Amino acid sequence: MTDKSSKNSRSADAGRRQSDAGSQRIVEVARAHFFSHGFRSVTMDDLAAELGISKKTLYAHFPGKIALLEAVLADKFAGVSATLEKITREHPHDFPAALHELLANTQRELDEIKPPFVRDMRQKAPHVFKIVERRRAELIERHFGKLFVEGQRTGMVRKDIPAKLMIEILLTMVQGIMNPPKMQELEMTPKEGFAGIIKIVLEGALTRKGQKL
């Protein structure tokens, strides 16, 4: 590689890093507004003004609000996945600790999502919610599936019910209840809905030993 081509390559890498950093900053600001206030009332003009950039620059990173919404959700799921992976890795054979950490972190992540966001997902972006459902199911199946198997090994989760069936029940309840129309109908937040589902599932799944946790 010539000095000129090497210099051009370094310049291109630096440009990509700068662009990635700019995109991440936009996502972080949009995430705070979208999850708290909904994305319908937050305009691209509002975001550009808060970020101190031109609207043209904002659109250079994201061609529209839906593209930005998808990036916000991808960022959210990447963070949740990394956290749950860390918990699973740190407590591979400690069912009580893993259960406590998984539930606490899941509740904390759901607490970020307020009713206006759920409302807007229903009215303005139901197709995007399909992505949420798929990613959510993958995380539940992977991490709570491992948890139930470990719970059975330690005698804290019932062995007369297959762990895969428990996960299917959990997934079915989450899909049936934790969606925008049902959340609005029940007048519940995602955090409240998930807490209720987990309480019902665990009361049926845990043995007497497990219920003493």
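Before anything else, my burial scale: buried is under 20% relative accessible area, exposed is over 50%, and partly exposed is in between, with a 1.4 Å probe and protein chains only.

**Entry 1: ground rules.** I'm working on a predicted model, where local features need pLDDT of at least 70, side-chain atom pairs count only at pLDDT 80 or more, and totals for chains, interfaces and linings use all residues. I number residues from 1 along each chain as its sequence is written, and side-chain values use heavy atoms, with hydrogens and water left out.

**Entry 2: Glu 187.** On the scale above, Glu 187 counts as exposed, because its relative accessibility is 72%. I found Glu 187 in the loop between H9 and H10. My helices (H or I, at least four residues) and strands (E, at least two) are DSSP runs, numbered from the N terminus. The phi of Glu 187 is positive, near 55°, and this is a residue other than glycine. Most residues other than glycine have a negative phi.

**Entry 3: the whole protein.** I looked up the secondary structure and got 11 helices and 0 strands. The C-alpha atoms fill a box of roughly 65 × 50 × 25 Å along the principal axes. Of the 213 residues, 38% count as buried. The protein exposes about 12,000 Å², and carbon and sulfur atoms supply 55% of that; these areas come from the Shrake-Rupley method with a 1.4 Å probe, and for residues only the protein chains shown count as cover. For contacts I take heavy atoms within 4.5 Å. Among contacts between residues at least 6 apart in sequence, 72% join residues at least 24 apart.

**Entry 4: the cavity.** I searched the whole structure and got 1 cavity of 30 Å³ or more. A cavity here is a set of points on a 1 Å grid over the protein atoms alone where a 1.4 Å probe fits but cannot get out, and lining residues have an atom within 4 Å of a point. Grid points are joined across faces, edges and corners, and the volume is the space filled by probe spheres set on the points. The largest cavity holds about 470 Å³ of space. I counted 26 lining residues, with Phe 77, Leu 110, Ile 113, Val 132 and Arg 136 nearest the centre. Helices H4, H5, H6, H7, H9 and H10 each give two or more residues to the lining, and H7 has the largest share with 6 residues. By type, the lining divides into 20 nonpolar, 3 polar and 3 charged.

**Entry 5: two residues of H5.** Asn 105 lies in helix H5 and counts as buried, because its relative accessibility is 13%. Not counting residues up to four places away in sequence, Asn 105 touches Thr 83 and Ile 87. Glu 109 also lies in H5, but at 23% relative accessibility Glu 109 is partly exposed. Leaving aside neighbours within four places in sequence, Glu 109 is in contact with Arg 31, Lys 76 and Val 80.

**Entry 6: H2.** The buried residues of H2 (residues 44-51) are Met 44, Leu 47, Ala 48 and Leu 51. They line one face of the helix, because down the axis of H2 they fall within an arc of 100°, taken from the directions from the helix axis to the C-beta atoms. Just after H2, Gly 52 takes a positive phi of about 70°.

Notes:
On a 1 Å grid over the protein atoms alone, a cavity is a set of points where a 1.4 Å probe fits but cannot get out, and a pocket is an open set with protein on both sides within 12 Å along at least five of seven lines; lining residues have an atom within 4 Å of a point. Ala, Val, Leu, Ile, Met, Phe, Trp, Tyr, Cys and Pro count as nonpolar, Asp, Glu, Lys and Arg as charged, and the others, Gly among them, as polar.
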